[in-house]
Amino acid sequence: VLATPEGEWLIPAARPDRVADPVGAGDSLVGGMAAGLAFGFSLETALKLGAVVASYVIEADGCQTNMPTRELALSRLRDAFGVSL
């Protein structure tokens with residue numbers, strides 16, 4: 001749940017292709033969100049990007065073995081949430 005003074009939004013998880021190892025999912029969610037904010041995305045879109053990055057990380061064993069490229073992350077962001085940038 002994203003809660004701001006303007007309201008609350010439920011941001012669902014982005015669906016991974018498979019689940020192999022959940023280690024690093026939380027850190028990658030926060031890292032993806034921080035990257036989205038650095039790119040100038042809204043808070044809601046940045047959080048969705050974090051969910052997408054986390055969905056890639058849990059697809060492989062180890063927390064740094066399956067980090068997506070920007071292009072892959074933006075593609076899944078579009079597919080999962082309908083966000084085109």
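## Arg76 in helix H3

Arg76 is found in helix H3, helices being DSSP runs of H or I with at least four residues, numbered from the N terminus. Arg76 has a relative accessible area of 10% and is therefore buried; buried means under 20% relative accessible area, exposed over 50%, and partly exposed in between, with a 1.4 Å probe and protein chains only. Beyond its neighbours within four places in sequence, Arg76 is in contact with Arg15, Pro16, Asp17, Val52, Ser55, Tyr56, Glu59 and Phe81, where contact means heavy atoms within 4.5 Å.

## Basis of the model

This is a predicted model, in which local features need pLDDT of at least 70 and side-chain atom pairs count only at pLDDT 80 or more, while totals for chains, interfaces and linings use all residues. Residues are numbered from 1 along each chain as its sequence is written, and side-chain values use heavy atoms, with hydrogens and water left out.

## Packing of H2 against H3

Two packed helices are described by the angle between their axes and the distance between the axes. The axes of H2 and H3 come within 9 Å and cross at roughly 110°; axes are lines fitted to C-alpha atoms, for helices over the stretch in contact, and angles run from 0 to 180 degrees between N-to-C directions. H2 and H3 are therefore roughly perpendicular to each other, a term for angles of 65 to 115 degrees, with those under 35 counting as roughly parallel, over 145 as roughly antiparallel and the rest as oblique.

On the H2 side the contact is made by Thr45, Lys48, Leu49, Ala51, Val52, Ser55 and Tyr56, and on the H3 side by Leu72, Ala73, Arg76, Leu77 and Phe81. These residues divide into eight nonpolar, two polar and two charged. Here Ala, Val, Leu, Ile, Met, Phe, Trp, Tyr, Cys and Pro count as nonpolar, Asp, Glu, Lys and Arg as charged, and the others, Gly among them, as polar.

## The nonpolar core

The largest nonpolar core has 13 residues, and those with the most contacts inside it are Ala14, Leu49, Val52, Leu77 and Phe81. Such a core is a set of buried Ala, Val, Leu, Ile, Met, Phe, Trp, Tyr and Cys residues joined through side-chain atoms within 4.5 Å. Helix H2 (43–57) and helix H3 (70–81) are the elements that give two or more residues to this core, and H2 gives the most, with seven residues.

H2 itself is mostly covered, with 13 of its 15 residues buried. From its first C-alpha to its last, H2 reaches 21 Å, close to the 21 Å expected at 1.5 Å a residue; the expected span is 1.5 Å times one less than the number of residues.

Phe39 is found in the loop between helix H1 (25–38) and H2 and, at 39% relative accessibility, counts as partly exposed. Leaving aside neighbours within four places in sequence, Phe39 is in contact with Leu49 and Arg70.

Gly26 lies in helix H1 and is partly exposed, with a relative accessible area of 46%. The C-alpha atoms of Gly26 and Ala54 are separated by 7.0 Å, although 28 residues apart along the chain. Asp79, in helix H3, counts as exposed at 58% relative accessibility.
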